[in-house]
Amino acid sequence: MASVRRLSDSLSTLKRQNFRSTDKTIRQMEQLLKLAMLQLNDTYKRTLAEASTPIQPLNYITKGMPFPELGPDKLALISSLSQSLTAHVPSVDTGVIVDPVATYVEVRGGYITTSLSSLNQASVSTTQKRTNAPYTKGTNGIAIYTGAIIAMLETEYTLASKVFDDSFFLVAFKRTVEPALSAYIQCIRALDNYVRQHVETFGFLGFELLEEVSKASTKLGSTLLGNTELLALKESSKKTVSSVVINFYEGVKVKADAIVMFSENGTASELAAETMDRLLVFILDYDLSFATVLMSLKDAPWQNMAPRVADPNSALSSFCNEVVDSLLTRLESRARSYYKRTAQTAIFMLNTIALIRQKLDSFNSSAKELTTQTLDRIQKRASDLYLESWRSCTDALFDTTHIKGGLGGSVRNSMGSKERDKVKEHFRNFNAEFEEIVRTNKGMVVPDAAMRGTIVRDVSKVVIPLYTRFHDKYADTDFTKHKDKYIKYSKTDIETILAQFFTNKHPVL
């Protein structure tokens, strides 16, 4: 390289002197310099190529290894060759145009594009898999692709800054990475379009795309490239996931209203499980991007949510509450129309609420605070509805029989025939209604032990005190000679029977 510089300098000096006697020498030197420059450029290109063998970025990402950089000796040689070709190649002297930037772009650009091509193809190929199951975070590979292109472009930025001086390195860098960056943007656009067309199954992928393109925009857009395409792509992805959120919210209502059949045993709604599972993915896997989208939806259908979206936690909490409230309200309306007995409607609602509470356990406390309050309110309504199904049984225990002289002394003489008949009727009615409730509840199931215990306790608090009072009032009287016929159950019997409700030991009377 030093010889080339000296030859170039000597040639320039002879040309400035403009002696006719040196014309032949000048032509010979020009040919020699031309040959030297071509050889120098070939060396430059070959050395670059030797240091630019395509890699498998996945290996570096998964193992947490830094992406390969040029060793100090190789870097020094390439930098020296580049500087020589840039500073000491006056093309007017040789008729040869040698462009070290173009050479660098060709070799390094090909290296980056080829290295990333497998990740590009793998990301796009995800959409070719036909499935009805919702997308699972991380199965697409776009996160690995994004991490790889960021790492490779940052590495390339450092290399270009060392190979070229300030007047060339930014131009060289941008031209080098442009093909790889364009392929990445095209990949995101293709996936984004696919999400728009398959919201039900690939909606979650939209959030992953938003997160990754936001990461790329931050790392590459402002710091390295100032690339407006990445910013535009980010806005496009944000619009896509906004439509995903709206579709989910509206879809819950549509699906609930479309239910035509419920389980006869009162088990929880499958739609409730599906809805909570999707909510859980939104909140746990994509919490920040999900909250950001929620806060940006000023004209969203859940209008009463607007005053509470000042921060991400309140946005998540309010949306979760709106979805659950809307779902349960519609399920209750449909269940009341479908089930013939109020007890079935009540048990169905209580089972569904129990399921939602179980799912909520995985949510953070701030996201479930409002929803828990809503569940408490709706559970109270469902519990009251179930107790209403016991009204005929408890009504049989309300005693208005008046006995002259009270229950002390000679009861036989104190109780007239009408009073005895009323007592018999109360026991008879209670027995019949109690046995009917036991029979009709036999087919119903309450899988959640806590909810089952709550239901039994609520019923016991009402039925057992009433039955105990009525039983104790007349058990020792002579209202009949056939007490076993009318007093079929002791207080302990009632407690035992109620404790077995909704289990595989459900009593048969």
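A residue counts as buried under 20% relative accessible area, as exposed over 50%, and as partly exposed in between. Keep that scale in mind as you look around this structure, which is a predicted model. On that scale Tyr157, at 26% relative accessibility, comes out as partly exposed.

**Aromatic rings**

- Searching the whole structure turns up 33 aromatic pairs.
- Take Tyr157 and Phe169: their ring centres sit 5.6 Å apart and their planes meet at 75°, so this pair is edge-to-face, since anything over 60 degrees gets that name.
- Tyr157 belongs to helix H7 (residues 142–163) and Phe169 to helix H8 (residues 169–197), so to speak of distant parts of the chain here is to speak of residues 12 apart.
- Now try Phe427 and Phe479: here the ring centres are 5.5 Å apart with planes at 15°, so the pair is stacked, because the cut-off for stacking is under 30 degrees.
- Phe427 is part of helix H18 (residues 417–441), while Phe479 is in the loop between helix H19 (449–474) and helix H20 (483–486), so this pair ties together parts 52 residues apart in sequence.
- Both Phe427 and Phe479 are buried.
- Rings can also join up into a cluster: ring pairs link Phe204, Phe207, Phe248, Tyr249, Phe282, Tyr286, Phe290 and Phe319.

**Helices H13 and H14**

- Helix H13 (residues 312–338) and helix H14 (residues 342–360) have axes that come within 10 Å and cross at roughly 160°.
- As for handedness, the crossing of H13 and H14 is right-handed.
- On the H13 side, the residues in contact are Cys320, Val324, Leu328, Leu331, Glu332, Ala335 and Arg336.
- Facing them from H14 are Thr345, Phe348, Met349, Thr352, Ile353, Ile356 and Leu360.
- Sort the residues of this H13–H14 contact by type and you get 10 nonpolar, 2 polar and 2 charged.

- Ile497 is found in helix H21 (residues 491–499).
- With 8% relative accessibility, Ile497 counts as buried, because the limit is under 20%.
- From C-alpha to C-alpha, Ile497 and Pro507 are 6.2 Å apart in space, and 10 residues separate them in sequence.

Notes. Residues are numbered from 1 along each chain as its sequence is written. This is a predicted model: local features need pLDDT of at least 70, side-chain atom pairs count only at pLDDT 80 or more; totals for chains, interfaces and linings use all residues. Side-chain values use heavy atoms; hydrogens and water are left out. Rings of Phe, Tyr and Trp (its six-membered ring) pair if their centres lie within 6.5 Å; planes under 30 degrees apart count as stacked, over 60 as edge-to-face and the rest as tilted. Helices (H or I, at least four residues) and strands (E, at least two) are DSSP runs, numbered from the N terminus. Buried means under 20% relative accessible area, exposed over 50%, partly exposed in between (1.4 Å probe, protein chains only). Axes are lines fitted to C-alpha atoms, for helices over the stretch in contact, and angles run from 0 to 180 degrees between N-to-C directions. A crossing is left-handed if the near helix is turned anticlockwise from the far one by less than a right angle, and right-handed if clockwise. Contact means heavy atoms within 4.5 Å. Ala, Val, Leu, Ile, Met, Phe, Trp, Tyr, Cys and Pro count as nonpolar, Asp, Glu, Lys and Arg as charged, and the others, Gly among them, as polar.
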